[in-house]
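Colleague: I would like to learn how to read the interfaces in a model like this one. Please take the terms one at a time.

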Amino acid sequence: MKTAVYILSRLAQSIFALLCIVTITFFLARLAPGGPFLEEKAVPAHLMAQMNAKYGFDKPLPVQYALYLSRLVRGDLGPSFGNKGFSVNEVIAEGFPVSLFLGIIGLIIALIIGVPVGVFAAAKRNTATDYGLMTLAMIGICLPTFVIAPLLGEIFALKLGWFDVALWEDSTAWFLGALTLGLYYSAYIARLTRGSMLDVLSQDFIRTAKAKGVAPAKVLFKHAFRGGITPVVAYLGPALAGLIGGSFVVETVFGLPGLGQHFIKAATNRDYWLINGTVTVFAILILFMNFLVDVIQAWLDPRTRSRD
Amino acid sequence: MLPLPRHQTQQGYLTHLTLLGVAVVTLLLSSGCKRESKVDIATREKILLLGNGAEPKALDPHLVSSTGDSNILRAMFEGLVTNHPSDDTIHEPGVAERWESNEDFSEWRFFLRKNAKWSNGDPVTAHDFVYSYNRILHPEMAGPYSSMLYFLKNGEKFNQGKIKDFAEVGVKAVNDFELLCTLESPTPFFPDVVKHTTWLPVHQPTIEKYGGMTDTFTDWQKPGNSVSNGPFELTDWRINAYVKVRRNPHYWDAENVKPNGINFYPIDNAFTEEKAFRNGLLHASYILPANLIPLYREREDPALRMEPYNGVYFYRCNTNQPPTDNADFRRALAYAINRETIVNFITKGNQQPAFGFTPPTKGGYVPPEVVSYDPEKARAFLKKAGYESGADVPEFTVIFNTSDDHKSIAVSIQDMWKKTLGIENVKIENQEWKVYMATVDEMRYDVSRLAWIGDYVDPTTFLGMWRTGDSNNRTGWGNSDFDRLYKESFFISEPKERYATLQEAESILLEELPILPVYWYTRVYLLHPDVENWNPLLLDNHPYKHIDLKAKAGGDGK
């Protein structure tokens, strides 16, 4: 019962947050100077007026906002001005799966690299190996993706010829994109894993196991690993949201048709409905992931429930 | 030829994984031996792979204005007159077999070929053109570039809604194959004008199958729905990934169309595009970033192309307010700019220092040589403007849209004005693209940078904007002699004489200098040696049907 109440209140919070985000985005986008129809070559005043009338931008802003909300509730995100002939729904339906795909592969790469490195570093605590690995991870965190991505492209595509350097169709460039994201997040995951493994390894039951003469490897993987990995699991949700939302750089560097590119281009083009649409999708994604993590944690740990 | 539905091309995640597997296996089996590049395969299959800048805003000729978008549209559609593969001044017959005008060039008759067909087999008739011009000019269409059709009599008034009946606009189908255009004023260069994207026809039944004539968000332009009359038809389109066109079997000259198709790739990051070219993924890049040009020049890379382009880079002065309301002060600024330095050390792509405004055309119009770098003259003008020294000049700001190249140019001009004229108080400020356009549109600036690319090869596309009150003028400058000479030029049939009148007009502009010309553009890009019959064109409108692909011995995509 308590859990159900908690989940419902978290859900209500998420929906309220979403409404705030949608509203703020709508008005912020409209406050920015310039509009979707402004071009380098002058658009005659009568044409500008015609276009504004055609797309309903001549109405008072509150009316436009009300219309926007009523469409949003029906799931209609409106047309995209930067991609005439496509609705924002279509643009997102094409772009989101690409970002999701990149994000999931990136996350898998991050786990494959990050978890073993973290466990290994924890096992070799305070040795040269540990310091070396953690320094590497620190560098990984500090190197922004816009440095790693072109570097990977230059080495693995142009020098070695193992992958294609750009494009989506019949191209292997997406792997370099996912690898960039994966490497970046593997550094976080390695540090996180090491920290929580050390936590667990210092606990009494581990000492008992060791004292009983259990083989060190068995202690590490059978006894410590389960507890040590829990924080990483909790981190997966936000990490995936971050991976998907943060893929703008790799999408640009490798020419991949994900949602990240639209996110930025919509803003620079003043493509109002696309701005609102992409922000809404990312907001839902992040809110949902956080909601999910909270629910799972509440389910795992009754203490969390009472805290709120 | 059946176009794939869009979602079917989206399924490719598994394909991607499979591809990766194949790539890894091939790699293991053949390490050391070079695999055939995408370009090699495409050359064999005669598919042209082109980088094309930003994602197209639409594939509807009545809705677009950018050069990248018109590249795709020119592959898909054909106008009355079309582009020649090597000479911008030659008019190639398109849907019109031939054309003639009355004595004063105010009436043009286009005789359409009887075998021109839409990609669904329907004949292309004069009525299609009338319908199209009605559509783009219709107030409810709100076509952003519809002003290109103001050449037609009453075109502007109809577009503004002042005339309701399209029958009053100067375009008529005399019969199925004869189109009569009556113009607002005599226009000797009208065939140049109708080559522009905005004059392309659209297919009425297709437009109306998916919505009303003036509905802009319908599905007609999507693959499988789109019907066009050019050498190619649309087969596939994925946002930010590709636009593919393939042979239109119904095209009247299909047997002379060389490529089997074109893939346009919207890669708007110029560095990514350059890498894609190096990686053998493209036959031609759309542009090459200025800081990579020296690299290609040093190793004399045959792929590097630097060709004169129909555009000018300049600064606009706000003549409504001090200090730029003073013509002598503007002259001082103009003569203090060392344009050689800018093209040699900043833009680096063989751009030509602008001594006038309109870019010179070989065998055509050449602007009067007025502006130059002359420190003595610049200082003299500063004195004449009433400033004892540059330090007395009140503060003013140069604005430009955010870009490293614009910034480098602004910084170097700021420095030149300081060194030559002693002006200390020049601020430079970058603004985000749309903010910058709004600022310029509302004339809230002192000096702003701008590029102007001509729509057709004729000085009027550069000089028209400097008429008093023209919506693109945005300097507050106007001169009745300039306006008169410009207008007179339309009534002169003999090109030499007409050019002389326009030169006279342009010298007024260059004497008064509401603008500070900097350089004339070049197109700088990379072209694969397999591409044949791709010639330098001032407008860069390559008629793709003439372009051939042949593998060159030893060509490895590098």
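Modeller: Begin with buried area, which is the accessible area (1.4 Å probe) that two parts lose on being put together, summed over both. In this predicted model, domain 1 and domain 2 of chain B bury about 2,500 Å² between them, with 60% of that area on carbon and sulfur atoms. Three residues, B:His62, B:Val227 and B:Trp252, supply 31% of the area that domain 1 of chain B buries against domain 2 of chain B, more than any other three residues.

Colleague: Where do the domains of chain B run?

Modeller: Domain bounds come from an automatic or database domain assignment. Chain B has domain 1 (37–65 + 72–77 + 227–304 + 526–549), domain 2 (81–209) and domain 3 (306–523). The C-alpha centres of domain 1 and domain 2 of chain B are 27 Å apart. Their contact (heavy atoms within 4.5 Å) takes 25 residues from domain 1 of chain B and 33 residues from domain 2 of chain B.

Colleague: How many salt bridges does the rule find across the interface of domain 1 and domain 2 of chain B?

Modeller: A salt bridge is a side-chain nitrogen of Lys or Arg within 4 Å of a carboxyl oxygen of Asp or Glu. The rule finds 1 salt bridge across that interface. In chain B, B:Asp60 and B:Arg135 form a salt bridge, at 2.6 Å from N to O.

Colleague: What area do chain A and chain B bury between them?

Modeller: Chain A and chain B bury about 6,000 Å², 56% of it on carbon and sulfur atoms. In this interface, 62 residues of chain A are in contact with 68 residues of chain B. The count of salt bridges between the two chains is 6. B:Arg278 pairs with A:Glu154 in a salt bridge, with the closest N and O atoms 2.8 Å apart.

Colleague: Which helix of chain A gives the most to the side that touches chain B?

Modeller: Helices (H or I, at least four residues) are DSSP runs, numbered from the N terminus. Several helices of chain A give two or more residues to that side, including helix 2 (45–54), helix 4 (88–123) and helix 7 (173–201). Helix 4 of chain A gives the most, with 7 residues.

Colleague: What should I know about the numbering and the limits of the values?

Modeller: Residues are numbered from 1 along each chain as its sequence is written, and chains are lettered from A in the order in which they are written. Local features need pLDDT of at least 70, side-chain atom pairs count only at pLDDT 80 or more, and totals for chains, interfaces and linings use all residues, while side-chain values use heavy atoms, without hydrogens and water.
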